[in-house]
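This briefing goes through selected parts of one protein structure, topic by topic. Please keep the sequence and the 3D view open while reading.

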Amino acid sequence: MVETALVLGAGGITGIAWQLGLLIGLKEAGVDLTDAGLIVGTSAGSVTGSLIASGMDPVDAAKIEARFGADDPPIRPDWARGSEVFALLSDSSRDPAEVRARVGALARAAAVVAEQPYVESLRRRLPLAGWPPERRLLITAVSAASGEPVVWDAGSGVPLDLAVAASCAVPCVFPTVTIDGQPYMDGGVRSGTNADLATGAARVVVLAPLAPIRMRGAPAEEIEALRSRSAVALVAPDAAVLETIGPNVLDPARWEPAIQAATTQGRRMADEVAAVWQR
């Protein structure tokens, strides 16, 4: 049984910044979540989780290049298909498997940047030597062909950088990522946290950037199921952070302000998180 699990949810560029800032603030206040026995990363959380699991201090991880330069492909969402994706993911009356399959079809058809430039842009920002040999790291994604969720770890045979790129492949914003001949998309299509993957851990902290602003940012059923067996702290951005990061989660100009605001939130929430993590 894993004693502690850190679940890092979806949330775009500002979500990564918030998670890193929160980890910095908590650590400064004496609560170190980076020593988790299990780390679950979805989309933005796959970036944060990979950096932390590799042994990088969150202060150093926060120095990765967030802004786009001349060598990076532009973000040109397919707004028409993207609006269909949003409607599908917001419709709780539909079968989830049907929704994921339909979203996958839209993602594959989307007129967005080519796959290779997207993968290379992400790869050069992440100083990853491969899956961490001594940490259990899970990266989530969804098959864009079948709609089936997938979970990769060190034993999956999937390169870590490709797993992260697939997990971050927001449908109709970024291209699907090909792994073993199959297209994959953002793990957040299944859940903003995929917190159920931490089932069995005695103590769980969930950092969910989208919990206050997206219906699927931290599905209540996942969190409640965890709480029936584990001590769980669900942490979301506070009002000050939300004001700082603004409405566009892909705005790299908000990177430093988001880290600073999240660091303050982390210090403030240390006792609340410690009540779960250090019990």
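Contact means that heavy atoms lie within 4.5 Å. With that in mind, Pro175 is in contact with Val112, Val113, Ala114, Glu115, Tyr118 and Ala169, leaving aside its neighbours within four places in sequence. The model is a predicted one.

- Helix H2 covers residues 44-53.
- Ten of the ten residues of H2 are buried, so this helix is largely enclosed by the rest of the structure.
- Among the buried residues of H2 are Ala44, Val47, Leu51 and Ala53.
- After H2 comes Gly55, which has a positive phi, near 100 degrees.

- Ser50 is buried, and its relative accessible area is 1%. Buried means under 20% relative accessible area.
- The side chain of Ser50 reaches the backbone oxygen of Ser46 at a distance of 2.7 Å.
- Leaving aside neighbours within four places in sequence, Ser50 is in contact with Leu128, Leu137, Ile139, Leu160 and Val164.

**H2 packed with H7**

- Two packed helices are described by the angle between their axes and by the distance between those axes.
- For H2 and H7, the axes come within 7 Å and cross at roughly 155 degrees.
- Angles over 145 degrees count as roughly antiparallel, and H2 and H7 are therefore roughly antiparallel to each other.
- H2 and H7 cross in a left-handed way.
- On the H2 side, Ser46, Val47 and Ser50 take part in the contact, and they meet Leu160, Val164 and Ser167 of H7. The residues of this contact are three nonpolar and three polar, with no charged ones.

**H6 packed with H7**

- Helix H6 (residues 115-123) packs with helix H7 (residues 160-167) at an angle of about 115 degrees, and their axes are 10 Å apart.
- Angles of 65 to 115 degrees count as roughly perpendicular, and H6 and H7 are therefore roughly perpendicular to each other.
- The crossing of H6 past H7 is right-handed.
- From H6, the residues Tyr118, Val119, Leu122 and Arg123 meet Asp161, Leu162, Val164 and Ala165 of H7. By class, six residues of this contact are nonpolar, none is polar and two are charged.

**H1 packed with H10**

- H1 and helix H10 (residues 255-268) have axes 6 Å apart and pack at an angle of about 35 degrees.
- H1 passes H10 in a right-handed crossing.
- The residues of H1 in this contact include Ile13, Trp18, Leu22 and Glu28, and those of H10 include Trp255, Ile259, Gln265 and Arg267. The contact divides into twelve nonpolar, six polar and two charged residues.

**Pro175, between H7 and E5**

- Where is Pro175? Pro175 lies in the loop between H7 and strand E5 (177-179).
- Pro175 has a relative accessible area of 6% and is buried.
- Among the contacts of Pro175 are Glu115 and Tyr118, and Tyr118 is also one of the H6 residues that meet H7.
- Pro175 and Gly155 are 20 residues apart in sequence, and their C-alpha atoms are 25 Å apart in space.

**The loop between E6 and E7**

- Leu197 is found in the loop between strand E6 (182-186) and strand E7 (203-207).
- Leu197 is partly exposed, with a relative accessible area of 25%.
- Leu197 and Leu38 are 159 residues apart in sequence, but 9.6 Å apart in space from C-alpha to C-alpha.
- Not counting residues up to four places away in sequence, Leu197 touches Leu38, Val40, Leu138, Thr140 and Val151.
- Asn194 also has its place in the loop between E6 and E7. Asn194 is buried, with a relative accessible area of 3%.
- Asn194 is not a glycine, yet its phi is positive, about 50 degrees.

**Ser43, between E2 and H2**

- Ser43 is in the loop between E2 and H2.
- Ser43 is a residue other than glycine with a positive phi, near 55 degrees.
- Is Ser43 buried or exposed? Ser43 is buried, and its relative accessible area is 5%.

Technical notes. Residues numbered from 1 in each chain as written. Predicted model: local features only at pLDDT ≥ 70, side-chain atom pairs only at ≥ 80, totals over all residues. Heavy atoms only, no water. Axes fitted to C-alpha atoms, helices over the stretch in contact; angles between N-to-C directions. Helix = DSSP H or I, 4+ residues; strand = E, 2+ residues; numbered from the N terminus. Parallel < 35°, antiparallel > 145°, perpendicular 65-115°, else oblique. Left-handed = near helix turned anticlockwise from the far one by under 90°. Nonpolar A, V, L, I, M, F, W, Y, C, P; charged D, E, K, R; others polar. Buried < 20%, exposed > 50% of the residue type's maximum accessible area, 1.4 Å probe, protein only. Polar contact = N/O pair within 3.5 Å; in protein donor to acceptor, adjacent residues only side chain to side chain.
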